[in-house]
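Subject: Handover of a protein structure

Dear colleague,

Please find below the structure that I am handing over to you. My findings follow it, and I would ask you to keep the model open while you read.

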Amino acid sequence: MIPQEQALFPLATVTGTERGQTDRLLAEVARVLSAEGWALAGVVQVNSGRPGRAHCDMDLQVLGRAEVIRISQNLGEESRGCRLDPEGLETAVALVEGTLADRPRLLILNKFGKAEIEGRGFRPLIAAALEQGVPVLMGLKPLNRPGFEDFAEGLGQGLPADLDQILDWCRKTAAIEPLTFQ
């Protein structure tokens with residue numbers, strides 16, 4: 001559990017150590033909190049393997065809605081570059097933006113990635129949620145940590161890839177008074 005004396009920030013990241021761990025953890029956090037009646041906004045990533053293919057399909061399940069948005073492009077088996085479909089990502093962002101207007105207790109995002117580092121993707125929604133006092137939980141790959149640190153300016157905290165500790169952070173952070181930004 002998070003020590004009582006440790007400061008809680010309304011912005012936290014999770015970095016798994018094995019492939020798909022972060023996605024599974026965030027999906028489970030969303031499932032548990034939804035079952036407890038929490039109003040959630042955001043997306044969780046669902047990866048589905050394709051028989052005989054090296055690359056999986058990446059979809060975003062929009063929390064609180066029925067939509068599942070494909071965010072990967074099929075660039076061929078030999079591709080090594082980014083497979084993110086920018087149009088799919090922007091569709092997901094627009095859907096989440098609509099749910100953020102309802103002041104959820106928590107915004108969950110599959111990750112702070114290259115699009116967010118560049119100022120696109122979910123980055124404006126992260127800022128909007130924090131301005132509204134809505135805590136933000138998201139995945140973060142080690143490769144993207146410097147870009148996240150530049151964005152967060154010391155206001156983010158890393159959580160261990162442990163379901164109980166993540167849920168503990170969510171419950172404690174949602175109970176504190178929102179930060180006010182000037």
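R103 is placed in the loop between α2 and β5. Its backbone deserves a look: R103 is not a glycine, yet it has a positive phi of about 50°. Most residues other than glycine have a negative phi. Please bear in mind throughout that this is a predicted model.

E153 counts as exposed, because its relative accessibility is 69%.

The overall architecture is as follows. The protein has six helices and seven strands, and along the sequence they follow the pattern β-α-β-β-β-α-β-α-α-β-α-β-α. Of its 182 residues, 45% count as buried. Among contacts between residues at least 6 apart in sequence, 67% join residues at least 24 apart.

Two of the helices may be examined together. How do the axes of α2 (residues 86-100) and α4 (residues 123-131) cross? They come within 10 Å of each other and cross at roughly 10°. Since angles under 35 degrees count as roughly parallel, α2 is roughly parallel to α4. On the α2 side, the residues that meet α4 are V93, V96, E97 and L100; on the α4 side, they are L125, A128 and A129. Of the residues in this contact, six are nonpolar, none is polar and one is charged. The spacing of such residues can be understood from the helix itself: an α-helix has 3.6 residues a turn, so residues three or four places apart point the same way.

With 13 residues at 1.5 Å a residue, α6 should span 18 Å. The expected span is 1.5 Å times one less than the number of residues. The end C-alpha atoms of α6 are 19 Å apart, which agrees. At the start of α6, a side-chain oxygen of D162 comes to within 3.3 Å of the backbone nitrogen of D164.

Which residues of α6 are buried? They are I166, L167, D168, W169, C170 and T173. These buried residues pack against the strands β1 (11-14), β5 (106-109), β6 (136-139) and β7 (156-159), and also against the helix α1 (21-35).

N110 lies in the loop between β5 and α3 (114-117). Is N110 buried or exposed? It is buried, because its relative accessible area is 6% and the cut-off for buried is under 20%. The side chain of N110 makes a polar contact of 2.8 Å with the side chain of Q45. Leaving aside residues up to four places away in sequence, N110 touches D23, L26, V43, V44, Q45, L60, I71, F122 and G139.

T17, in the loop between β1 and α1, counts as exposed, because its relative accessibility is 73%. T17 and P142 are 125 residues apart along the chain, while their C-alpha atoms are separated by 9.8 Å.

Yours sincerely

Definitions and conventions. Residues are numbered from 1 along each chain as its sequence is written. This is a predicted model: local features need pLDDT of at least 70, side-chain atom pairs count only at pLDDT 80 or more; totals for chains, interfaces and linings use all residues. Side-chain values use heavy atoms; hydrogens and water are left out. Axes are lines fitted to C-alpha atoms, for helices over the stretch in contact, and angles run from 0 to 180 degrees between N-to-C directions. Helices (H or I, at least four residues) and strands (E, at least two) are DSSP runs, numbered from the N terminus. Angles under 35 degrees count as roughly parallel, over 145 as roughly antiparallel, 65 to 115 as roughly perpendicular and the rest as oblique. Contact means heavy atoms within 4.5 Å. Ala, Val, Leu, Ile, Met, Phe, Trp, Tyr, Cys and Pro count as nonpolar, Asp, Glu, Lys and Arg as charged, and the others, Gly among them, as polar. Buried means under 20% relative accessible area, exposed over 50%, partly exposed in between (1.4 Å probe, protein chains only). A polar contact is a pair of N or O atoms within 3.5 Å; within protein, one must be able to donate a hydrogen and the other to accept it, and residues adjacent in sequence count only if both atoms are side-chain atoms.
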